[in-house]
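I opened the notebook to look up a few local features. These are my entries, in the order I made them.

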Amino acid sequence: MSDRKITLEFNDKVVRQFLLASLIWGAVGMLVGVLIAAQLNFWQLNFGTPWLTWSRLRPLHTNAVIFALVGNMMFAGVYYSTQRLVKARLASDFLSSLHFWGWQAIIVSAALTLPFGLTRGKEYAELIWPINIAVALIWVVFAVNFFWTLAKRREPSLYVAIWFYISTVITITVLYVVNHLSIPTSISHSYPVFAGVQDALVQWWYGHNAVAFFLTTPILGIMYYFVPKAAERPVYSYRLSVIHFWSLVFLYIWAGPHHLLNTALPGWLQTLGMTFSLMLWAPSWGGMLNGLLTLRGAWHKLRTDPVLKFFAAAVTFYGMATFEGPLLSIKSVNALGHYTDWIIGHVHAGALGWNGFMAAGMIYWLLPRLWNKPLYSTSLANLHFWIGTVGILLYVAAMWVSGITQGLMLNATTEHGTILAYPNFLDTLNTIRPLMLMRVIGGFLYLSGWLIMAYNAWQTLRGASPVNGSIEVFEEDTAHGAPAPAMGLFGSFFNPPVLFTILGVACACAWMFGGDFVSIAGLVGTLVCAVLAYAHYESRGKVWGDWYDRLLVNTMPFTVLTFLAIIAGGLIQIIPTVVAHNASSTEDRKQVPYTPLELAGRDLYVRDGCYLCHSQMIRTLVPDVLRYGDYSRLGESIYDHPYQWGSKRNGPDLARVGGKYPNVWHLRHMEDPRAISVGSNMPSFAWLLTNPLDTSTLARKISVQRTLGVPYPNWTPEQIAARVDAQAKAIAADLKTAGAYVAPDKEIIALIAYLQQLGHAPITPAAKPVATK
């Protein structure tokens, strides 16, 4: 073997591109966030314009922060650290460039479609189907580039950061594809293949784990690389990182149902989600402690080093958010916090504190290294840290107080729980207005800190020359890389760690889902597996360690085991729900398919983002029933593509609003909310009264609904048009009788038809009480 070394230059151009994109899009996303926060206090800031209305801009804000700010930051961190950890340049400059420009095109497409109401109507999954296909293709480009680079590596063993990157690539692929399965009705519209409780479960399986595997696992990988680099200290505990990784990727995927507690979701799924959410405390805090304790011996640097300030605060916020998440998954706590601002505070503690501060710390650390020039101003970076910290604390504290206040007021009863203490929903809104204003101030401070960083970066880059990192490698390694001992199928899966895990999970499932005898046997089996596994590890620990060392030099077996760890929970939750979810397995109420006009109105409801402010799910809680009517049943939404249960109540629940008010009430409410509900912060939707209703794709929509299992007759387009015309004229005539003159072909007519139908699912004969002798 030759001892001659050559210099390998890394592809840091794409790192610089993603870093600057994160900086720019982050400012845009936060600016929109500050605007929509202000709109909740000052409805006039909606400007009476559809594309600037809160419910149109809110998806733009969430997508910008998640996919533009964090996404670009993640790609920058992954590409920078991976090249250095595997001692190889990115496999393809072309794929790297395609990845960057393709991702920016997706972000621009989102910015051009969401404000105009082109949406799928599912939180964090709003992008229309052509953009979804683009996302999938660009994600495949990223995956190919990443795994190809691993195949060319010169460092045999995979470092802990790479483990988290692998789990991200694999899991996001599965989550995104399953949750975005849709049948198009036009170039800009589609219906998801799942409906009702199916759709709710799949949505929050995706929504919760998008947080886990897009906003958490890749950032943990970045933490495991950049925190030791910035602190110039090794990771505190390698063993803890192993436990942290495998327990986190296995447990996280089961926890999605905790977003649907006290709803029509089957009870076993609610219990499952709560149980696994509580178990997440251990691995989450294990990772937090591993990150903070890596700073041992370097705490004195925090006084002067803004990078370490951001990293230390980010890891602390990660610990706080991952404590609060399991807490909110407890049914009694969830009954108080769900649908309130407490959830908003929880989400932003993670997004601003964990993701935002990790991004800032990484950007400050990379700027001097990627442009070969010292940071323009350390003082400005420190100022950014303190302004950002104050902003987060104001924001989160305001939302905590606001959310708990909302929950207490909406759940408060008198007369021994038979009368609501605050029957008017607006009572809570007017109470929390000062706290909503405090949120605006906190968000503005955080945005100001981000703009300070942008200015600091701009001044640093002025006159600077981009520089690519390099490393010396042996010439032979350039072509062949380091050989790794192959594990094979037997070595990968037939070994004590994997077998004990599989057996333990099987016994635990029998314990949780089996009948009396099977459950007891499962509990005993779980305990026996745990004891035997511990005893075997204590006596043959070297066998476990040797197997894992060999696993880390074999990318494919490691990736397969990661895939199995994340797929188990999803399959166990989703398959039974998909199989059992049909009209014959509902409770005592079964949804009646919408009329063509009602379906058109429902699509307008989704287009204008009404689901972001109004739920359609009356929980099995006394205050909810007293306020909104009988609790919602599983069968009442079996034909809803997509489901409309909602996750936040800026206004009252609408599950049983049908027939509660006359048609003219809905008309006046959409035209001028404050004329009907004094003190409302709802924006006007006056354009609905003038926009003509587009029914050109309605026949195609009904055809797709029939394909998805909705029992529509095989109507011709002419029959559909006749039904729309007849129902629209009846509503218009009723409005005219009440003194309101609107043509039957306007959008407001369809929306009224939809709203008046809500809650009218008939009681099925099987549910009628049976007389007993």
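The entries below cover backbone geometry, cavities, a surface patch and salt bridges.

**Entry 1: backbone**

I noted at the start that this is a predicted model. Most peptide bonds are trans, and most residues other than glycine have a negative phi.

I found a cis peptide bond between His641 and Pro642, with omega at about -5 degrees. Pro642 sits in the loop that runs between helix H23 (622-628) and helix H24 (663-671).

Next I checked phi. Glu232 is not a glycine, yet its phi is positive, about 55 degrees. I placed Glu232 in the loop between helix H7 (217-231) and helix H8 (238-252). Asn262 is another residue other than glycine with a positive phi, near 65 degrees. I placed Asn262 in the loop between H8 and helix H9 (267-279).

Is Glu232 buried or exposed? Glu232 has 64% relative accessibility, so I logged it as exposed; the cut-off for that is over 50%. Asn262 has 8%, so I logged Asn262 as buried; the limit there is under 20%.

**Entry 2: cavities**

How many cavities of 30 Å³ or more does the structure hold? I counted eight. I took a look at the second largest cavity. Its space is about 210 Å³.

I listed its lining next. There are 18 lining residues, and Gln616, Glu636, Ser637, Ala655 and Gly759 lie nearest the centre of this cavity. I sorted the lining of the second largest cavity by class: seven residues are nonpolar, seven polar and four charged.

**Entry 3: nonpolar patch**

I turned to the surface. A nonpolar patch there is formed by Trp268, Trp511, Met512, Phe513, Leu523 and Leu527. Together these residues have about 530 Å² of accessible area.

Which helices each supply at least two residues of the patch? I found helix H18 (496-513) and helix H19 (516-539). H18 gives the most, with three residues.

Leu527 lies in helix H19. Its relative accessibility is 52%, so I logged Leu527 as exposed.

**Entry 4: salt bridges**

I counted 21 salt bridges.

The side chains of Arg89 and Asp93 form a salt bridge, at 2.9 Å from N to O. Arg89 is partly exposed, at 24% relative accessibility. Asp93 is also partly exposed, with a relative accessible area of 38%.

A salt bridge joins the side chains of Asp624 and Arg649, at 3.2 Å from N to O. This pair links distant parts of the chain. Asp624 is in helix H23, Arg649 is in the loop between H23 and H24, and they are 25 residues apart.

I logged both Asp608 and Arg607 as buried.

Which residues are linked with Arg607 and Asp608 in a network of salt bridges? I found Arg56 and Glu747 in that network.

Technical notes. Residues numbered from 1 in each chain as written. Predicted model: local features only at pLDDT ≥ 70, side-chain atom pairs only at ≥ 80, totals over all residues. Heavy atoms only, no water. Helix = DSSP H or I, 4+ residues; strand = E, 2+ residues; numbered from the N terminus. Buried < 20%, exposed > 50% of the residue type's maximum accessible area, 1.4 Å probe, protein only. 1 Å grid on protein atoms, 1.4 Å probe; cavity = no way out; pocket = protein on both sides within 12 Å on 5 of 7 lines; lining within 4 Å. Points joined across faces, edges and corners; volume = space filled by probe spheres on them. Nonpolar A, V, L, I, M, F, W, Y, C, P; charged D, E, K, R; others polar. Patch = residues over 30% accessible without salt bridge, like charges linked within 9 Å, V, L, I, M, F, W, Y side chains within 5 Å. Areas by Shrake-Rupley, 256 points an atom, 1.4 Å probe, with all protein chains shown as cover. Salt bridge = Lys/Arg side-chain N within 4 Å of Asp/Glu carboxyl O.
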